[in-house]
Amino acid sequence: MIQENILELVKYGLSTGLVDPEDKVYTINRLLELFQVDEIEDAVFEKVENLPAWTQEEAEGKLEGILAEMMDYAYENGLMAENSIVYKDLFDTKIMGCLVPEPSSVRKTFRDLYEHTSPLAATDYFYKLSCDSNYIRRQRIKKDRKWTTDTEFGTLDITINLSKPEKDPKAIAAAKNAKQSAYPKCQLCKENEGYAGRVNHPARQNHRIIPLTINNSDWFFQYSPYVYYNEHCIVFNSKHTPMKIERATFGKLLDFVTQFPHYFVGSNADLPIVGGSILSHDHFQGGHYTFAMAKAPIEKELQFEGFSDVKAGIVKWPMSVIRISGPDKERLIELADKILLTWRGYTDEDAFIYAETDGEPHNTITPIARRRGDDFELDLVLRNNITTGEHPLGVYHPHAKLHHIKKENIGLIEVMGLAVLPARLKDEMAELADALVNGTDLRATETLASHAEWAEGFLPKYDKITKDNVMDILHEEIGLVFNEVLQDAGVYKCTPEGRKAFERFIAAV
């Protein structure tokens with residue numbers, strides 16, 4: 001059976017373009033070595049060779065099954081230590097690494113397409129390779145729950161993230177006891193490319209990165225293995241250096257969208273609570289997607305002194321966003337830097353905005369860049385991470401009454417209007433749905449009790465809840481909670497008082 005699996009996997013590589021026909025025998029032999037098999041019998045070779053050719057779609061559908069059978073063989077023959085998700089991920093990545101072209105080959109193809117066809121053709125090639133290599137696990141991504149909710153601020157995207165597998169207890173224990181290593185320093189470092197991984201660090205033999213020069217500095221381009229939106233990419237510094245929002249950041253973002261005008265790119269903020277999950281390595285996130293915030297109109301036009309050539313305005317959005325645009329990148333960089341420096345040192349006690357307390361800085365910006373025809377556009381989202389006794393996780397953070405749905409930090413992706421909600425909600429919403437349909441006591445279990453007040457609040461809106469409409473109702477209400485989450489995260493509220501306070505800051509720039 002393993003001989004058939006090897007030939008089927010090579011056929012997958014040929015069907016998707018991962019494997020060049022000239023590399024067919026070489027790839028077969030690499031897989032034979034990996035599985036410690038000496039030969040392919042003639043009868044097996046003829047059987048697989050005589051099967052009809054596969055389309056791209058057919059090949060995609062077969063990959064998961066082929067890999068599952070290969071890993072069963074690996075475990076039964078002592079090639080894989082444990083038959084669990086962590087060890088399977090380590091081993092199937094090693095398998096797929098046998099099919100992926102070397103970094104130099106991938107980079108050459110990318111450069112050739114970029115220079116002789118278009119940036120779009122280059123990213124199309126690289127994204128497909130990242131999916132075909134199983135670095136982006138298509139079958140897992142399909143498990144994510146996704147829907148949209150219409151609000152006064154536009155159509156918000158909602159996802160329940162189910163594509164990150166949960167570690168089993170044995171793997172958790174093994175990771176705890178494993179020798180600690182500083183190589184690679186983090187999951188964004190360039191040293192991940194081709195790395196075999198370990199129980200406490202993912203395997204990356206099927207991972208490829210593209211070198212870029214951004215604003216005269218060395219960076220790399222890759223895709224996120226967890227694609228929350230179309231072509232979700234990561235652009236990261238070649239050096240393991242902390243996140244920092246500064247004048248150069250705006251130049252890098254605008255340089256990236258100059259090179260890849262079909263992509264947006266943005267940076268998480270550089271402070272805890274309002275920042276992303278990896279503050280230790282300077283990086284951006286981008287992609288080929290238009291978020292609700294990018295579609296949001298200008299609520300009030302602005303004019304900054306000395307920048308009459310730059311269009312500016314407050315965006316109609318639950319968070320506090322200044323949008324600036326124009327054809328001259330340097331002018332946008334200059335104005336963005338002025339806004340950033342003013343905001344870093346800005347305090348307005350009446351609006352509960354403090355630049356620092358006890359020497360700890362609180363103000364920063366989440367910036368996003370994109371192209372609009374010949375114009376460049378920057379959205380500057382004002383952030384503040386101050387905490388209080390009432391709001392120990394952050395004043396401008398989801399408040400406690402929303403934690404049953406969303407307690408985690410609001411980073412770049414969510415700032416733009418896409419909720420990434422925890423996997424626990426899948427089962428919790430199923431339990432709540434049953435209770436709502438059957439009239440069960442909403443405080444009968446700990447899980448139900450955590451959602452009871454919320455559910456009792458929205459129940460009067462609906463004449464009848466049935467098994468046919470209950471999930472649609474829950475999806476709608478979760479989306480409305482996310483809308484509240486964004487409002488909590490906004491430093492200036494969408495009220496007359498909030499807008500007056502916002503304008504006081506604008507006048508200070």
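In the classes used here, Ala, Val, Leu, Ile, Met, Phe, Trp, Tyr, Cys and Pro count as nonpolar, Asp, Glu, Lys and Arg as charged, and the others, Gly among them, as polar. The model is predicted, so local features need pLDDT of at least 70 and side-chain atom pairs pLDDT 80 or more, while totals for chains, interfaces and linings use all residues. Residues are numbered from 1 along each chain as its sequence is written, and side-chain values use heavy atoms, without hydrogens and water.

Pockets were located on a 1 Å grid over the protein atoms alone, as open sets of points where a 1.4 Å probe fits, with protein on both sides within 12 Å along at least five of seven lines; lining residues have an atom within 4 Å of a point. Points are joined across faces, edges and corners, and a volume is the space filled by probe spheres set on them. Helices (H or I, at least four residues) and strands (E, at least two) are DSSP runs, numbered from the N terminus.

The second largest pocket has a volume of about 360 Å³. Its lining holds 20 residues, with Glu64, Asp92, Asn134, Arg137 and Arg140 closest to the centre. Two or more residues each come from α4 (56-76), α5 and α8. The most, seven, come from α4. By class, this lining has eight nonpolar, two polar and 10 charged residues.

The largest pocket has a volume of about 1400 Å³. Of its 50 lining residues, Lys164, Gln187, Tyr226, Tyr228 and Ser277 are the closest to the centre. Elements giving two or more residues include α5 (85-97), α8 (138-141) and β7 (283-287). The largest share, five residues, is from α5. This lining has 21 nonpolar, 19 polar and 10 charged residues.
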